[in-house]
Amino acid sequence: MAKSKKKYVCQACGAVAHRWQGQCGDCSEWNSLVEDAPATVFSQKHDLSSGGRAIEFVDLHRPGEELVRRTTGLDEFDRALGGGLVPGCAILMGGDPGIGKSTLLLQAAANIAKAGKEVVYVSGEEAAGQVRLRASRLGVADAPLKLASSTSVRDILTTLGAMEAPAMLVIDSIQTMHSDTIEGAPGTVSQVRGCAFELIRYAKETGVALVLVGHVTKDGSIAGPRVLEHMVDVVMSFEGERSHQYRILRALKNRFGAVDEIGVFAMAAKGLEEVANPSLLFLSGRDEPLAGSAVFPALEGTRPVLVEVQALIVRLQSGATPRRAVVGWDNGRLAMLLAVLESRCGLNFSSAEVYLNVAGGYRLADPAADLAVAAALVSALADKPLPERSVWFGEVSLAGEVRPVAHAGLRLREAAKLGFVTGCGPQNGGEKVANMKFSPVDRLSKLVDRVMANT
Ligand code: TYD
Ligand code: MG
């Protein structure tokens with residue numbers, strides 16, 4: 001006997017509740033719970049050990065079978081993918097609206113089409129004319145790309161089923177797609193999940209490389225269906241500040257490659273341009289040192305990127321609660337670092353507003369940024385510039401120790417290559433680098449002394 005239970009699914013995070021609530025208990029979003037198609041719950045135990053078909057076992061090793069990857073014609077895109085598109089893979093491309101997802105995919109699709117492969121680009125957001133206009137702006141209007149504007153998964157799969165499978169299929173975006181076998185408006189979790197399931201099945205059966213564009217919610221996760229992240233092989237995120245030129249393509253999950261490689265692009269008048277050497281991209285290019293600015297040799301996968309961390313401290317006269325504002329770094333991490341500077345190094349930030357900015361719209365995720373942020377904060381507090389052409393890296397513990405980080409040598413070598421002459425980091429930063437004076441610090445208090453003395 002089967003009985004069905006109602007359930008409600010949060011459209012923002014995918015959490016399931018068994019009764020309707022005004023606010024999601026998981027992500028605190030308001031009015032996001034929507035009744036999901038009822039699931040059938042079997043209350044009786046079934047014997048599943050007979051009646052099925054035999055499944056086939058295969059060997060793990062099959063000689064001659066190799067992963068062939070197809071280049072997108074954009075090295076930076078290939079790099080982030082781990083070497084190019086794998087046939088039959090499903091990719092979810094997330095990013096803020098207007099960041100350049102459609103632009104990037106149109107460029108990649110046009111490149112593949114120009115290389116003689118069949119590519120289908122389905123837009124559910126723009127009319128074919130709009131996409132054509134964009135293509136002519138990008139200078140790829142002559143690519144033999146199959147373009148369509150549709151939001152019906154049934155129409156798309158019927159059409160594709162009647163023709164030879166293309167090499168690549170782009171669906172822009174999954175939230176606009178609709179399947180008539182599932183109840184609910186486009187964009188709801190059950191619709192998004194159902195449509196993605198059908199499209200991914202088609203990709204697996206035919207070996208098409210499928211790219212689904214997914215919108216991102218306020219808090220940065222790919223909208224609605226966290227479930228989508230489990231269904232696809234690769235989750236990519238296209239990031240950047242819309243007001244800045246630079247965009248970073250990052251793989252958050254990759255069943256076919258490493259997730260720590262990034263692709264760097266610059267949004268220009270003729271679409272996205274690849275940035276092959278991003279080291280200097282995020283530096284301000286100014287020569288004379290200013291108080292509150294520290295350069296951090298960050299590492300993105302295997303690529304070093306030098307970024308400038310800027311701090312501003314404003315002393316408050318009144319007893320108002322001081323503000324702490326961060327752009328490009330973690331808020332909680334700044335609070336922690338301020339607490340360590342106060343309790344382990346005797347500095348006082350309690351009556352001061354603290355602003356922290358990572359230049360160039362870059363977002364720091366590397367834990368080794370702690371020391372550079374600390375150096376910028378102390379330099380801003382003391383109003384003393386850090387030594388000229390110096391770089392700072394290291395992780396800071398709650399006890400105020402500077403802890404070792406990965407690839408110290410690589411960071412220092414890149415800095416030296418770009419004309420930096422001093423480096424400050426954790427003790428094991430050891431390896432000797434030509435033209436670079438490395439002075440280790442083991443405690444944050446020593447860094448404070450050093451900045452205060454300006455040596
Ligand atoms: P788009 O690819 O439509 O973003 P998404 O699909 O992620 O929403 O990118 C739109 C932005 O890119 C738009 O604000 C204008 C900018 N842009 C350029 O600067 N140059 C260009 O050549 C193109 C096509 C877009
Ligand atoms: Mg778009």
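Q: By class, what does the shell around ligand 1 have?
A: The shell has six nonpolar, five polar and five charged residues. Nonpolar means Ala, Val, Leu, Ile, Met, Phe, Trp, Tyr, Cys and Pro; charged means Asp, Glu, Lys and Arg; the others, Gly among them, count as polar. This is a predicted model: local features need pLDDT of at least 70, side-chain atom pairs count only at pLDDT 80 or more, and totals for chains, interfaces and linings use all residues, while side-chain values use heavy atoms, with hydrogens and water left out. Residues are numbered from 1 along each chain as its sequence is written, and chains are lettered from A and ligands numbered from 1 in the order in which they are written.

Q: How many residues surround ligand 1, and which are the closest?
A: There are 16 around ligand 1. The closest are Gly98, Lys101, Ser102, Thr103 and Gly271. To be near, a residue needs a heavy atom within 4 Å of the molecule.

Q: What lies 2.5 Å from an oxygen atom of ligand 1?
A: A polar side-chain atom of Thr103. Gly98 puts a backbone N or O atom 2.7 Å from a ligand 1 oxygen. For Arg134, a side-chain N or O atom is 3.0 Å from an oxygen atom of ligand 1. A polar contact here is a pair of N or O atoms within 3.5 Å.

Q: What share of ligand 1 does the protein bury?
A: The protein buries 74% of the 560 Å² that ligand 1 exposes when taken alone. Areas come from the Shrake-Rupley method with a 1.4 Å probe.

Q: Which elements give two or more residues to that shell?
A: Helix 2 (101-114), helix 3 and strand 11 (262-268). Helices (H or I, at least four residues) and strands (E, at least two) are DSSP runs, numbered from the N terminus.

Q: New topic. How do strand 5 and strand 6 run?
A: Strand 5 (residues 119-123) and strand 6 (residues 146-149) run parallel, joined by four bridges. Strands pair if DSSP finds at least two bridges between them. Val122 has Ala148 as its bridge partner in strand 6. From strand 5 the chain goes through helix 3 (residues 128-138) to strand 6, in a right-handed β-α-β crossover. Right-handed means that, with the strands pointing away from the viewer, the path from the first strand over the helix to the second runs clockwise.

Q: How many aromatic pairs does the count come to?
A: Two aromatic pairs. Rings of Phe, Tyr and Trp (its six-membered ring) pair if their centres lie within 6.5 Å; planes under 30 degrees apart are stacked, over 60 edge-to-face, the rest tilted. Phe238 and Phe265 form an edge-to-face pair, 6.0 Å centre to centre with 80° between the planes.

Q: Which parts does the pair of Phe238 and Phe265 tie together?
A: Phe238 is in strand 9 (residues 234-239) and Phe265 in strand 11, so the pair ties together parts 27 residues apart in sequence.

Q: Which peptide bond is cis?
A: The bond from Asp172 to Ser173, with omega near 5°.

Conventions: Polar contact = N/O pair within 3.5 Å; in protein donor to acceptor, adjacent residues only side chain to side chain.
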